[in-house]
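Me: I would like to go through the labels used for this structure and ask what each one rests on. Please set each value against its cut-off.

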Amino acid sequence: MNSGNPLPRRFLLLGTAATATGGALALSACSVSPSGSTTVPPAPGASAPPGHPFRIGKLSEINVGGTATGKANGRTVVVFRPEDRKVVAYDATCTHAGCPVAPAGTNFECPCHGSTFNGSDGSVVTGPARRPLTPLTAAIDGDWITVVL
């Protein structure tokens, strides 16, 4: 679910200003290409400073009530789509032993020790994990799902 669009120079300049004034401005710093689609950094394998949005996949790739996995800045993230125009995202690292969780219907499951996490809020459904998944800021940007890291 990762986008391979390169970082345009205009975005780099706007993104630097957004980082200096606060991460909340990072999503508004996206530049729009001539086709009308938003370009989000960086190319696969590249990294960016904290507070930048990353495309992790198309909204159409996840059904309402479904879950998916994506990559953002080299990190694995999991996404749940509770409503047509809403998504929530979490770091895919299990809070029990650090294994990556995977989509499982409306939940996320850890294959290492069997913990299950609720897709809608990241809470623990079954242990041994005791803490919820770490939430990430997620948004819908046109046809794309983005997360801020």
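Me: How many salt bridges does a search of the whole structure find?

Reply: The search finds 2 salt bridges. The term covers a side-chain nitrogen of Lys or Arg within 4 Å of a carboxyl oxygen of Asp or Glu. This is a predicted model, in which local features need pLDDT of at least 70 and side-chain atom pairs count only at pLDDT 80 or more, while totals for chains, interfaces and linings use all residues. Residues are numbered from 1 along each chain as its sequence is written, and side-chain values use heavy atoms, with hydrogens and water left out.

Me: Why is the pair D91 and R75 called a salt bridge?

Reply: The closest N and O atoms of D91 and R75 are 2.7 Å apart. That is within 4 Å, so the pair meets the definition.

Me: What does the pair tie together?

Reply: D91 lies in strand β6 (residues 86-91) and R75 in strand β5 (residues 75-83), so the pair joins parts that are 16 residues apart in sequence. Strands here are DSSP runs of E, at least two residues long, numbered from the N terminus.

Me: Why does D91 count as buried?

Reply: Buried means under 20% relative accessible area, exposed means over 50%, and partly exposed is in between (1.4 Å probe, protein chains only). D91 has 13%, so it is buried. R75 has 34% and therefore counts as partly exposed.

Me: What makes R81 and D84 a salt bridge?

Reply: Their closest N and O atoms are 2.9 Å apart, which is within 4 Å, so the label applies. R81, at 8% relative accessibility, is buried, whereas D84, at 48%, is partly exposed.

Me: Which residues have the most contacts inside the largest nonpolar core?

Reply: They are I56, A72, V79 and I145, in a core of 14 residues. Such a core is a set of buried Ala, Val, Leu, Ile, Met, Phe, Trp, Tyr and Cys residues joined through side-chain atoms within 4.5 Å. β3 (53-58), β4 (67-72), β5, β6 and β12 (144-148) each supply at least two of its residues. A second, separate core has 13 residues, including V78, F80, F108 and A129.

Terms used: Helices (H or I, at least four residues) and strands (E, at least two) are DSSP runs, numbered from the N terminus.
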